[in-house]
Amino acid sequence: MPVRWVLHWQPNQGTVANSQILNEVTQCVDSINAVKGSRWKATLTFYRPNLRDQNIATDFPRDFLGISLMDQPNKYFFIIRGSKVILEADSSILTIMEKLQSYKPKVALHFDGIQYKLGDFQVRLIKVAPNQAESIRGILMEVEYLPTSSVEKSRKIMEEFLDIWREIVAKRSLPGQFMFADPSYADYGLSDNYSAQHAAIQYAAALAQLIQSVQSMRN
Amino acid sequence: MECVVQGIIETQHVEALEILLQGLCGVQRERLRIHEICLKSGPNLGTVASEVRILCNLEQAEPSWTVRHVGGAMRGAGAEQISVLVRTMVEAKASKNVLRMFYTLGYKLDHELLRVGFSFNFFRGAQITVTVSSINKMLKLHATDEAVPVTPGIQLVEVTAPATAETYTEVASAMSSFCEYLAPLLHLSKPGISTGVVPTAAAAAASLIQETDEFREKS
């Protein structure tokens with residue numbers, strides 16, 4: 001599948017992502033004559049261990065992520081970031097996890113976006129929220145470069161796209177900017193050939209950045 | 001959910017069983033070489049202990065992995081009356097690091113075995129799978145090339161069919177009818193109820209082999 005970069009909105013110190021910023025960013029996409037397409041969704045769920053005794057120290061992860069992507073409806077992805085494990089499985093793995101009762105889904109975050117086509121690029125502007133009704137917790141932008149699946153070969157053109165995009169957004173003087181957290185796919189044992197597993201890792205990395213920015217805001 | 005019955009047969013009669021199955025099913029057999037790893041939840045993980053099986057199909061050029069959860073058998077008067085065991089069973093195909101993921105999540109190796117044999121998959125009132133395999137144990141961890149039979153001279157025959165809460169009676173009935181054809185060679189019963197080898201097996205096998213030889217000579 002084509003290479004994607006998931007960018008996250010990094011708000012300036014003392015500010016947060018909100019729907020007005022998302023509106024302005026949407027206007028930026030419209031201003032470069034991108035063709036609006038369909039909606040796009042993904043759900044990220046945090047799983048936490050079901051411990052018999054909370055006081056006993058354990059050597060397994062405090063939590064891990066489950067991801068469902070709209071373009072892979074029969075698949076489900078698990079990511080244990082600390083141990084650099086990515087698993088791709090049939091979505092029936094959810095039923096197995098439910099039956100095992102060893103880990104439980106605790107918190108879900110919904111990624112709700114709109115796709116735009118821009119020449120060789122496909123862009124998705126994504127609102128991150130606990131559910132449809134609740135306010136924005138973060139903004140993501142996914143840039144997909146359709147001609148190649150090679151992470152390395154696409155790097156230069158992606159960087160150029162990101163520079164141009166930042167310039168467009170900068171004209172609006174918004175309180176923040178789009179950042180790219182480049183995950184090391186090799187640590188997860190993945191090759192240069194981009195796949196849905198790469199995409200899942202990027203979402204997990206972008207989400208970690210969003211959480212970090214919210215936490216630093218609180219401190 | 002699945003319906004299941006099991007039986008055993010002496011290795012010397014397996015060829016006759018294969019001839020019989022080939023005649024009854026009208027499909028080609030598939031070779032079977034499966035490394036089965038049974039994992040159990042570590043202490044303190046999950047409110048109750050849980051068990052999951054990781055299957056690695058070694059018959060393909062690129063081994064494929066499946067997670068299987070086998071639940072408890074259906075109970076009650078209805079379940080007693082039917083001659084097959086009805087139990088929950090969920091499978092999910094997964095990427096190759098599935099074993100690493102479950103170890104990371106706090107699951108421990110309980111035992112492992114290697115099934116070597118063949119299977120027939122066909123529709124006869126239900127989607128029935130018959131597997132005939134020798135069960136082997138590994139003398140060293142994961143050393144499938146050095147596996148030795150658990151019960152030399154005896155192979156396990158398993159007949160399974162997927163079912164739902166609505167269809168299990170019909171599936172059970174279709175399976176029972178099919179199993180009657182195999183009766184001269186082996187007894188099939190609910191797992192855990194050992195019925196041993198059948199006394200008529202040697203004569204039935206000899207007759208089947210003789211008929212096949214005569215057929216081959218004529219054609």
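**Entry 1: a loop in chain B.** I started at Ile193(B), which sits in the loop between helix H4 (168-182) and H5 of chain B. A reminder to myself: this is a predicted model. Buried or exposed, I asked of Ile193(B)? I counted 10 C-beta neighbours inside 10 Å, so Ile193(B) goes down as exposed; the cut-off for that label is 12 or fewer. Then I looked up how far Ile193(B) is from Val5(B). The two are 188 residues apart along the chain, yet 9.6 Å separates their C-alpha atoms.

**Entry 2: another loop in chain B.** Next I went to Leu141(B). I found Leu141(B) in the loop that links strand S7 (127-137) to strand S8 (148-149) of chain B. Leu141(B) counts as exposed because it has 7 C-beta neighbours inside 10 Å.

**Entry 3: the fold of chain B.** Zooming out, I listed the secondary structure of chain B and got five helices and nine strands. Along the sequence, their order reads β-α-β-β-β-α-β-α-β-β-β-β-α-α. Chain B has a radius of gyration of 19 Å, close to the 17 Å from the globule rule for 219 residues, so I noted chain B as being as compact as a globular protein of that length. Along the principal axes, I get a box of roughly 65 × 45 × 30 Å for the C-alpha atoms of chain B. Burial comes to 32% of the 219 residues of chain B. I then took the contacts in chain B between residues at least 6 apart in sequence; 66% of these join residues at least 24 apart.

**Entry 4: a helix pair in chain B.** Two packed helices are described by the angle between their axes and the distance between the axes. I took both values for helix H1 (residues 14-25) and helix H5 (residues 201-218) of chain B: an angle of about 60 degrees, and 9 Å between the axes. H1(B) and H5(B) are therefore oblique to each other. The crossing of H1(B) past H5(B) is left-handed. Which residues meet here? From H1(B) I wrote down Glu15(B), Ala16(B), Ile19(B) and Leu20(B); from H5(B), Ala204(B), Ala205(B), Leu208(B), Ile209(B) and Thr212(B). Sorted by type, the contact of H1(B) with H5(B) has seven nonpolar residues, one polar and one charged.

**Entry 5: the fold of chain A.** I ran the listing for chain A too, and it gave four helices and nine strands. The pattern along the sequence is β-α-β-β-β-β-α-β-β-β-α-β-α. With a radius of gyration of 18 Å, close to the 17 Å of the globule rule for 219 residues, chain A is as compact as a globular protein of that length. The box for the C-alpha atoms of chain A is roughly 55 × 40 × 30 Å along the principal axes. I have 35% of the 219 residues of chain A down as buried. For contacts in chain A with a separation of 6 or more, residues 24 or more positions apart make up 64%.

**Entry 6: backbone check in chain A.** Most residues other than glycine have a negative phi. I went looking for exceptions and noted Gln101(A), not a glycine, with a positive phi of about 60 degrees. Gln101(A) is in the loop between H2 and strand S6 (103-118) of chain A, and its 15 C-beta neighbours inside 10 Å make it partly exposed. I also noted Ser173(A), again not a glycine, with a positive phi of about 50 degrees. Ser173(A) is in the loop from helix H3 (151-170) to strand S9 (176-180) of chain A. With 7 C-beta neighbours inside 10 Å, Ser173(A) counts as exposed.

Terms used:
Residues numbered from 1 in each chain as written. Chains lettered and ligands numbered in written order. Predicted model: local features only at pLDDT ≥ 70, side-chain atom pairs only at ≥ 80, totals over all residues. Helix = DSSP H or I, 4+ residues; strand = E, 2+ residues; numbered from the N terminus. Rg over C-alpha atoms; globule rule 2.2 N^0.38 Å. Buried ≥ 20, exposed ≤ 12 C-beta atoms within 10 Å, placed from the backbone. Contact = placed C-beta atoms within 7 Å. Axes fitted to C-alpha atoms, helices over the stretch in contact; angles between N-to-C directions. Parallel < 35°, antiparallel > 145°, perpendicular 65-115°, else oblique. Left-handed = near helix turned anticlockwise from the far one by under 90°. Nonpolar A, V, L, I, M, F, W, Y, C, P; charged D, E, K, R; others polar.
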